[in-house]
Amino acid sequence: MGLYWLWSYVIALWSTVVVNCAKPVNWDNCWPPQEWLAPAVHDYIRAKRPYSEERKILKSVEHSNGLDDRRTEPP
């Protein structure tokens, strides 16, 4: 399996972004890439880690207040 995921992302980027931005009709939509590429990468990174901020908050509350709903011993 190895680097198959990387290859699939490169192919997807090539087939959707590069090929479509090479057409003169789409130049107005594609030209300043810093306006759409950086936010798209940021959104992708956040989507890879769903609910990461919420998990951090819950972990900090559990450890600081002693709350733990996964205990096995009786109260």
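Reader: How is the handedness of the disulfide between cysteine 21 and cysteine 30 read?

Author: A disulfide is a pair of cysteine sulfur atoms within 2.5 Å. In this predicted model, cysteine 21 is joined to cysteine 30, with an S to S distance of 2.0 Å. The torsion about their S-S bond is about -75°, so the disulfide is left-handed. By this rule the count comes to one disulfide.

Reader: Is cysteine 30 buried or exposed?

Author: Buried means under 20% relative accessible area, exposed means over 50%, and partly exposed lies in between (1.4 Å probe, protein chains only). Cysteine 30 has 15% relative accessibility and therefore counts as buried. Buried residues make up 4% of the 75 residues in the protein.

Reader: What should I know about the numbering and the model before going on?

Author: Residues are numbered from 1 along each chain as its sequence is written, and this is a predicted model in which local features need pLDDT of at least 70, side-chain atom pairs count only at pLDDT 80 or more, and totals for chains, interfaces and linings use all residues. Side-chain values use heavy atoms, with hydrogens and water left out.

Reader: How many helices and strands does the protein have?

Author: Helices (H or I, at least four residues) and strands (E, at least two) are DSSP runs, numbered from the N terminus. The protein has four helices and zero strands, and its pattern along the sequence is α-α-α-α.

Reader: What describes a pair of aromatic rings?

Author: The distance of the centres and the angle of the planes describe such a pair. Rings of Phe, Tyr and Trp (its six-membered ring) pair if their centres lie within 6.5 Å; planes under 30 degrees apart count as stacked, over 60 as edge-to-face and the rest as tilted. A search of the whole structure finds two aromatic pairs. In one of them, the ring centres of tryptophan 5 and tyrosine 9 are 6.1 Å apart and the planes are at 75°, so the pair is edge-to-face. Both residues lie in helix α1 (residues 4-21), four residues apart, about one turn of the helix. Tryptophan 5 is partly exposed at 49% relative accessible area, and tyrosine 9 is partly exposed at 39%.

Reader: How far apart are the ring centres of tyrosine 9 and tyrosine 44?

Author: Their centres are 5.6 Å apart and their planes are at 75°, so this pair is edge-to-face. It links distant parts of the chain, with tyrosine 9 in helix α1 and tyrosine 44 in helix α3 (residues 33-48), 35 residues apart. Tyrosine 44 counts as partly exposed at 38% relative accessibility. Trp5, Tyr9 and Tyr44 form one aromatic cluster.

Reader: Which residues line the largest pocket?

Author: On a 1 Å grid over the protein atoms alone, a pocket is an open set of points where a 1.4 Å probe fits, with protein on both sides within 12 Å along at least five of seven lines; lining residues have an atom within 4 Å of a point. The lining of the largest pocket consists of Tyr9, Ala12, Leu13, Thr16, Val17, Leu37, Ala40, Val41 and Tyr44. Helix α1 gives the most to this lining, with five residues.
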